[in-house]
Amino acid sequence: QVQLVESGGGLAQPGGSLSLSCTASGISFSRYRVGWYRQAPGNQRDLVAEITSVDSTNYADSVKGRFTVSRDNAKNTVYLQMNNLKPEDTAVYYCNARQEISTTRRDYWGQGTLVTVSP
């Protein structure tokens, strides 16, 4: 059974930092593209950052220069370092692992972790 578990969410002040982790069991993260998404109340779930199986990264414009995604394949974990946090970063953050090989697509989600940015 595949399971993705996010951790590291919590309360931060504007300008502060948080580091999120997503650890997988049942799959090898190194073979997946892993994305961090976030969803604020009343909003759709949007991509924040992603890292491919060859370690290419991509970021939403709103977080470029502030967030960094990385992976540790030995720990089967992907991280999201969030610096200079803003109130608009408040959301539930989700980890997603995706693999597409030929016509087979595998897509897994974590349960989410809440990030609140407030004075």
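The legends below describe close-up views of a predicted model.

**View 1. Hairpin of strands β4 and β5.** Residues 33-39 form β4 and residues 46-51 form β5; the two strands pair in the antiparallel sense over 5 bridges. Tyr37 has Leu47 in β5 as its bridge partner. Between the strands of this hairpin lie 6 residues, and Gly42 takes a positive phi near 80°.

**View 2. Hairpin of strands β5 and β6.** Strand β5 also pairs with β6 (residues 57-59), in the antiparallel sense and over 3 bridges. Ile51 stands opposite Thr57 in β6. This hairpin has 5 residues between its strands, and Asp55 takes a positive phi near 70°.

**View 3. Ser62 in the loop between β6 and β7.** Ser62 is found in the loop that runs between β6 and β7 (67-72). Its relative accessibility is 42%, so Ser62 counts as partly exposed. The C-alpha atom of Ser62 is separated by 8.2 Å from that of Val48, a residue 14 residues apart from Ser62 along the chain.

**View 4. Disulfide of Cys22 and Cys95.** The structure holds 1 disulfide. Cys22 and Cys95 form this bond, with their sulfur atoms 2.1 Å apart. The pair links distant parts of the chain, 73 residues apart: Cys22 belongs to strand β3 (residues 18-25) and Cys95 to strand β9 (residues 91-101). The torsion about the S-S bond is about -80°, so the disulfide of Cys22 and Cys95 is left-handed. Cys22 has a relative accessible area of 0% and is therefore buried; Cys95 is likewise buried, with a relative accessible area of 0%.

Note on methods: Residues are numbered from 1 along each chain as its sequence is written. This is a predicted model: local features need pLDDT of at least 70, side-chain atom pairs count only at pLDDT 80 or more; totals for chains, interfaces and linings use all residues. Side-chain values use heavy atoms; hydrogens and water are left out. Two strands pair if DSSP finds at least two bridges between them. Helices (H or I, at least four residues) and strands (E, at least two) are DSSP runs, numbered from the N terminus. Buried means under 20% relative accessible area, exposed over 50%, partly exposed in between (1.4 Å probe, protein chains only). A disulfide is a pair of cysteine sulfur atoms within 2.5 Å.
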